[in-house]
Number of protein chains: 2
Amino acid sequence: MPNYLKIEPLTKAAFEPFGDLIEMDFAKSYLINEGTTRRYHHLSEPDVGEEGGRPIISIFEATRRGLPIEIKMMEKHPLGTQAFLPASNDYWLVVVSEAETPTAETLRCFLVKGNQGVQYGKHVWHHPVLCIQPKQNFWIFDREGDGNNLVEHYFDNGNAYINIDHLT
Amino acid sequence: MPNYLKIEPLTKAAFEPFGDLIEMDFAKSYLINEGTTRRYHHLSEPDVGEEGGRPIISIFEATRRGLPIEIKMMEKHPLGTQAFLPASNDYWLVVVSEAETPTAETLRCFLVKGNQGVQYGKHVWHHPVLCIQPKQNFWIFDREGDGNNLVEHYFDNGNAYINIDHLT
């Protein structure tokens, strides 16, 4: 039987072990610009300075993978946080794991709204970006610099799958 | 006669004195994630470290101003860059000035596409965020820290206006 992941709603509490959920939290907001703009302030703080790292802004143009989506590996960035912020108001998915060495059985899959971003903490196992529409763009805030900031781990004992037929 | 600003298309060359235009530049791109994602890499580099500053991510929920839009002041951030990245694919406007002390006559107004962001350089005079739809959200990368990072200047000699009737 293929291991189909349960798709959970994303909440601040659920995402806490993995980093920051970046969303419009009214309690952190105040009005600026003569009352015309509400600033939701300091929702996440990038941490990319290790080993002389510098913050950079990039764009990821993601293409939907074949269905059902097969999850056969995870990655992590030991030297810097990585934030994904949707450029269009479309749902997307994150897959993360709290295990020291992830297996298909340790994965958690969250449905993320199009007005929510996430910042993965350093050392947090996550899957590369997963979109639901055929193409979706994301603004990326991560690290430029020396050192090895990418660790990948492919599963030995079977992969996981995500059925998104009801979401497309 | 009111001073109506000409709305110019935004190009990399035109924006160079003011900071970075952040857009999908194919020449800076490469494929990642087994070919499913194109990374447009290092499109801008935030510079927020002065006087102990740290990078933060916030959200601006902008409301359209009364029409025609009246431009009566400009602001600048001496201690850090500030990036605006649209959260929805809607056109928006930036108003900037190269003058040492801006007046209405020195302003330039650019129409920005919904898939383009900008990062204002330190000390660059710009107007607070201007949206065209009734509400538009932006992901913001700027600076948290001590020191005075906001300078505002109100015009003495008359304001400028922007007619966006043809854009709404």
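The second largest cavity is lined by F84(B), W92(B), L93(B), V94(B), Y120(B), H127(B), P128(B), V129(B) and L130(B); a cavity is a set of points, on a 1 Å grid over the protein atoms alone, where a 1.4 Å probe fits but cannot get out, and lining residues have an atom within 4 Å of a point. The model is predicted: local features need pLDDT of at least 70 and side-chain atom pairs count only at pLDDT 80 or more, while totals for chains, interfaces and linings use all residues. Side-chain values use heavy atoms, with hydrogens and water left out, residues are numbered from 1 along each chain as its sequence is written, and chains are lettered from A in the order in which they are written.

**Cavities**

- The second largest cavity has a volume of about 30 Å³, a volume being the space filled by probe spheres set on grid points that are joined across faces, edges and corners.
- Its lining takes three residues from strand β10 (residues 92-97) of chain B, which gives the most; strands are DSSP runs of E of at least two residues, numbered from the N terminus.
- Eight residues of this lining are nonpolar, one is polar and none is charged; Ala, Val, Leu, Ile, Met, Phe, Trp, Tyr, Cys and Pro count as nonpolar, Asp, Glu, Lys and Arg as charged, and the others, Gly among them, as polar.
- Over the whole structure, a search finds two cavities of 30 Å³ or more.
- The largest cavity, of about 40 Å³, is lined by residues of both chains: I59(A), A87(A), N137(A), F138(A), W139(A), M24(B) and N115(B).
- β15(A) supplies the largest share of the lining of the largest cavity, three residues, and this lining has five nonpolar, two polar and no charged residues.

- The largest pocket holds about 500 Å³ of space; a pocket is an open set of points with protein on both sides within 12 Å along at least five of seven lines.
- Among the 28 residues that line the largest pocket, E75(A), H77(A), Q82(A), L150(A) and R39(B) are the closest to its centre.
- β15(A) gives the largest share of that lining, three residues, and the lining as a whole comprises nine nonpolar, 11 polar and eight charged residues.
- The second largest pocket has a volume of about 410 Å³.
- Closest to the centre of the second largest pocket, out of 23 lining residues, are R39(A), H77(B), Q82(B), D142(B) and L150(B).
- For the second largest pocket, the largest share of the lining, three residues, comes from β15(B); by class, the lining has eight nonpolar, 10 polar and five charged residues.

**Aromatic pairs**

- Over all chains there are 21 aromatic pairs, counted where the ring centres of Phe, Tyr or Trp (its six-membered ring) lie within 6.5 Å, with planes under 30 degrees apart stacked, over 60 edge-to-face and the rest tilted.
- F84(A) and W92(A) form a tilted pair, 6.4 Å centre to centre with 35° between the planes; both residues are buried, that is, under 20% relative accessible area with a 1.4 Å probe and protein chains only.
- F84(B) and F138(B) form an edge-to-face pair at 6.5 Å centre to centre and 75° between the planes.
- F84(B) lies in strand β9 and F138(B) in strand β15 of chain B, so this pair ties together parts that are 54 residues apart in sequence.
- F84(B) and F138(B) are both buried.

**Chain symmetry**

- Chain A superposes on chain B by a rotation of 180° with 0.0 Å of shift along its axis (RMSD 0.0 Å), fitted by least squares on the C-alpha atoms of residues with pLDDT of at least 70 in both.
- The two copies are therefore related as by a two-fold rotation axis.
- Both copies use the same surface, as 100% of the contact residues of chain A recur in chain B; contact means heavy atoms within 4.5 Å.

Conventions. Helix = DSSP H or I, 4+ residues; strand = E, 2+ residues; numbered from the N terminus. Buried < 20%, exposed > 50% of the residue type's maximum accessible area, 1.4 Å probe, protein only.
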